[in-house]
Amino acid sequence: MSIHIVALGNEGDTFHQDNRPSGLIRTYLGRSPLVSGDESSLLLNAASTVARPVFTEYQASAFGNVKLVVHDCPVWDIFDSDWYTSRNLIGGADIIVIKYNVNDKFSFHEVKDNYIPVIKRALNSVPVIIAAVGTRQNEELPCTCPLCTSDRGSCVSTTEGIQLAKELGATYLELHSLDDFYIGKYFGGVLEYFMIQALNQKTSEKMKKRKMSNSFHGIRPPQLEQPEKMPVLKAEASHYNSDLNNLLFCCQCVDVIFYNPDLKEVVEAHKIVLCAVSHVFMLLFNVKSPTDIQDSSIIRTTQDLFAINRDTAFPGASHESSGNPPLRVIVKDALFCSCLSDILRFIYSGAFQWEELEEDIRKKLNDSGDVSNVIEKVKCILKTPGKINCLRNCKTYQARKPLWFYNTSLKFFLNKPMLADVVFEIQAGIFQAMCLLICAEMYQVSRLQHICELFIITQLQSMPSRELASMNLDIVDLLKKAKWKNAVLLKSTDGRRICT
């Protein structure tokens, strides 16, 4: 792989310590650590210009094994003498460097008037670097004498160089001298960046050509029609809150009934919903003991507000006709009991809509002191053990997150016997477990595979031989499948079963 650089324009003569002339390109090639080739080889290649008399040709190696070819043409007359060669070289360039001396307006205008139109016609997404070489004479002198004015007029300003770079979309560099900093780090850094970009582009194009050639030699895949556009699936909004409120209003599956002090029924509810948001109700329904809660204020609130009536001769026992009768809870506080339906609606809605609760309570209680008293009791019901509740903090925190998510939550009761009224009995069987084991091994679900193995082992070890024989279960076939499916535990268990 090679990189081709074309350098155009005259930056003026500079000299080595031994008074040997050296330009921008030769100085870079001789000093850059990324370019290999000693001075004698560069001079030898530069002298061999028989094949291309228009340009001075330099050859070297960059980045270890990349061939670097540079053609330098400092004079327009030479460039114009062989138009065919000049045009081909510019057309095949990977990077173009345009250089001029800032103290020589003639070299600048030669670049601007002659080289630039040719480059514009031949340019095809090739990076261009414009290098303004030298330090401007009398640039900082404030003198307005004719001599100084004439000196400044003979210099090429920075604005002119930048404007020229804009016309080509080029990178503009000012090199005040051809020392290690300006050549190696400044000019060399930009040039090497474009060299790396050119190498990446050529590598990408080479890979594309290789893929294209391989596809032509191989069998073409079938051309499949595009599938029909699938309809956009819209996520259905959650009905959790509305369903929970409907459960309260419809009075389905109730297991607790609240009564006022006069033993008149007030409202029906569900233990698990109440216990999910309040330790007071967990203590009232014996889900937790006082030792578990260890909060005297919660224990006192439970004793002051509620009492459970288990009398079989209860006058309002209208729900005790069949099955397990609902638990009867008497609300001792009359004011709290009068607002209990609104309080339960507040709890079933997530226990965070405090403003609505206060507004509903004010509609029923005219005295502001009574309103504050009821709100305080609601706050005590929702208290977290071991923490001091502040109503303002309770409002702001619960407004951001409903009480379900940071208190006990309904998931606390999952797979626990407390308050459970439904038990699901699930049984896969040895044949079904074996099929599931095959799928688990196929999709590399190791945990499910292990669970299936343990289930089959447990069933085989606990099953009598007579029952095993009646199932027509082929232990040898099961052993073969266990070996095939890498079921180590099952394989060892089957072997012991065969021996017995």
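In this predicted model, strand β8 (residues 128-133) is joined to strand β9 by five bridges, and the two strands run parallel; strands pair if DSSP finds at least two bridges between them. Across this pairing, A132 stands opposite E174 in β9. Strand β9 (residues 171-175) is mostly covered, with four of its five residues buried, that is, under 20% relative accessible area with a 1.4 Å probe and protein chains only.

Residues are numbered from 1 along each chain as its sequence is written. Local features need pLDDT of at least 70, and side-chain atom pairs count only at pLDDT 80 or more, whereas totals for chains, interfaces and linings use all residues.

In helix α13 (residues 296-305), the buried residues are S297, I298, I299, T301, T302 and L305. These buried residues of α13 pack against α11 (279-284), α12 (290-293), β12 (306-309), β13 (327-331), α14 (334-338) and α17 (368-381), where contact means heavy atoms within 4.5 Å.

Helix α20 (residues 430-442) packs with helix α21 (residues 446-462) at an angle of about 155 degrees, their axes lying 9 Å apart. The two helices are therefore roughly antiparallel, a term that applies to angles over 145 degrees. The contact is made by I430, A433, M434, L436, L437, A440 and E441 of α20, together with L448, Q449, C452, E453, F455, I456, Q459 and L460 of α21. By class, the contact of α20 with α21 has eleven nonpolar, two polar and two charged residues, where Ala, Val, Leu, Ile, Met, Phe, Trp, Tyr, Cys and Pro count as nonpolar, Asp, Glu, Lys and Arg as charged, and the others, Gly among them, as polar.

Technical notes. Side-chain values use heavy atoms; hydrogens and water are left out. Axes are lines fitted to C-alpha atoms, for helices over the stretch in contact, and angles run from 0 to 180 degrees between N-to-C directions. Angles under 35 degrees count as roughly parallel, over 145 as roughly antiparallel, 65 to 115 as roughly perpendicular and the rest as oblique. Buried means under 20% relative accessible area, exposed over 50%, partly exposed in between (1.4 Å probe, protein chains only).
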